[in-house]
Amino acid sequence: MWWKLFFLLLYFFMLFILARFFEAIVWYETGIFATQLVDPVTLSFKKLKTILECRGLGYSGLAEKRDVRELVENSGELMQGELYSALKNEKEQVGSDSSTTFNGEMHFYELVEDTKDGIWLVQVIAQDRNPLLSTANWGKMVQKVSQFGIRTGTFNCSSDSRYCHKRGWMKSTLIMSVPQTNASKGKVMLKEYNGRRIETEHIFKWMTAHVASRIKTIHFSEQLMDDWYQMEKQPVKMFLFARLLQPPAFFSALSIKFTGRIEFIFVDVRNWDNTTCLDEIGVQQMPSYILKTPEGIYRYGNSTGEFISLHAMDAFLRSVQPEVNDLFILSLVMVNLMAWMDLFITQGATIKRFVVLISTLGTYNSLLIISWLPILGFLQLPYLDNFYEYSLKFLRYADTTTIASWVRADWTFYSSHPALFLSTYLAHGLLIDYFEKKRRCSHEDQNANNLEWLSSLWDWYTSYLVHPIASFQNFDSDWDDDPNFLLERLAFPDLWLRPLVPIDYIKNLPTWKFRLAQSEGPKRVDRDNRQKAMTNLNGGSSRDQEVHHCSSQVLHDNNDGCSTATKSEESWSGGEEQDTDWSHWPCGMLHCTECVVCLENFETDGLVMGLPCGHVFHQKCIVVWLAGGRHCCPVCRWPSYKKRPTRQHAAEQLEPEQPLSS
């Protein structure tokens, strides 16, 4: 998990560097930055209208370019990045229609009347009547208001005439839904359009007037000073100082979206002669967007990416004053991006990668939801109010820095270019896959065949169901003695021919080095030569003799055989225990100097391995034997994955019964 987090942070750092690289390219080609100011005088009449459309200011009564330009200047400074985004959004909105069609009273109530933090514009079509706006004009209206987060819909009274009679909708009209109070989750009021003109500009002006009425407006300097120094429950306030008749539509829409978190105040300074109070609170120019917090004031628009638009200011305010839902969405995105790293970190078959990915996605998301449940419970405790306030204070300090403005600008850039985000994520994942493949190629075998991996997965699954093997430290299992297990084995005859046993237990088998107590002399060499000669003369008798002696050791060994050899061992080992250092042998392992698998003597400092039954072999020989599917001892045929009972108890069971004395 930590590797995935590291790779994800490395990816974010690469995105940050890539954004700076793009800015350098744009500056090299055009000589301008996104934060560079644009003089409205140099813009065409069409571009000026586009800027006013994005800011939400009406221009229906302005016929000359000079008036439109002054309206743009009075609403805020224009940056190159805002102009580019406005022109791009205008092209993308052509032909887009996200309007909802309501099918009845309950549908209308759930989406419109029960929505406490949003604005709706609904066109009601009376029964057997034509709509108020034609299809073309309604499409233009949808495109115009959707950029401010205003949702639209159509309610045809023919689908629920009773509800239309109940509401008094006898003729086609437009209904606007706006939260009634400034409290979070307050009541919703429905406003009906009663104007005679049905042009798009007039309807939009009617909407913005109703939304702007919710914002607190200050017309006098005395009222401003009282409100500025007034300590209320809401410590965060957003002020707009401008020479406008009403605030822009994007500012009014944000006031509804952040209801209960941030208070929005519009200060109309058109008729102010005395500006001393403005100098006192730090307002130097018009217009100004000032964020007032307990930590101080922050002038919005001086840092990177802080445009006079809905999306830019929304990202800024969400980072400064987030809610729990914002933090949950952020953690959800981070966790899923980390989980998708498994697709590139996992090596092997393609199906294996996706199986691991699905498992990781399910695990991470489940753990995230389970982790958030107690967090939500703790946040509701009154004792944690101070902790919550200090956390918000820390966020406000961090999010008003220059680095935070760069991060918000990059977020806005990549969110508007999802193809670039996905392509860079894929490229980063392929690089991780390449380095992981180079790192693991010499440590483990890569299973590149999907069929082979599926076959191994099926083998593991069936072996887990049919014959679950405990770890080496816990061999006490009576599966072979269970009659139900025998019936299951009979139901699958193939399992008798091909044991489905994992080979992980081999790693836990005891392994050590064979050592001699004294150096080898002529006597040892002669004895080895005699043993080899006897082997050549008797053919396979040496193996049978070894089997006999190793088997008899089980009967004659006792509890003191952990460090000393018995007389029976001396009879067949030819006194080897005098030359061999048995002190370092694990307890319970039989003392012998020859491997039964290869029929070769143990060499000095050679690796040997013991089985649960006590027999010892060359490490390489017994690993090849067990990995080939023969999970039993070559001598006594005891399962190599199962612990054997104590030898004393086994000897008593194998001892012949004595006849009863008469």
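Modeller: A disulfide is taken here as a pair of cysteine sulfur atoms within 2.5 Å, and by that rule the structure holds one disulfide. Because this is a predicted model, local features need pLDDT of at least 70 and side-chain atom pairs count only at pLDDT 80 or more, whereas totals for chains, interfaces and linings use all residues. Residues are numbered from 1 along each chain as its sequence is written, and side-chain values use heavy atoms, with hydrogens and water left out.

The disulfide joins Cys-157 and Cys-164, whose sulfur atoms are 2.1 Å apart, and with -95° about the S-S bond this link is left-handed. For accessibility, buried means under 20% relative accessible area, exposed means over 50%, and partly exposed is in between, with a 1.4 Å probe and protein chains only. Cys-157 is buried at 1% relative accessibility, and Cys-164 is buried with a relative accessible area of 2%. Elsewhere, the sulfur of Cys-598 has its closest cysteine sulfur in Cys-621, 3.8 Å away, which is too far for a bond; Cys-598 is partly exposed, at 30%. The sulfur of Cys-633 likewise lies too far for a bond from its closest cysteine sulfur, that of Cys-613, at 3.5 Å, and Cys-633 is buried, at 0%.

Turning to the aromatic rings, those of Phe, Tyr and Trp (its six-membered ring) pair if their centres lie within 6.5 Å, and planes under 30 degrees apart count as stacked, over 60 as edge-to-face and the rest as tilted. The count by this rule is 29 aromatic pairs. In one of them, the rings of Tyr-298 and Phe-316 are stacked, because their centres are 5.4 Å apart and their planes are at 20°. Helices (H or I, at least four residues) and strands (E, at least two) are DSSP runs, numbered from the N terminus. Since Tyr-298 lies in strand β10 (residues 296-300) and Phe-316 in helix α12 (residues 310-320), the pair ties together parts that are 18 residues apart in sequence. Tyr-298 is buried at 13% relative accessible area, and Phe-316 is buried at 1%. The rings of Phe-344 and Tyr-425, with centres 6.4 Å apart and planes at 70°, are therefore edge-to-face. Phe-344 belongs to helix α14 (residues 342-345) and Tyr-425 to helix α18 (residues 418-440), so this pair ties together parts that are 81 residues apart in sequence. Phe-344 and Tyr-425 are both buried.
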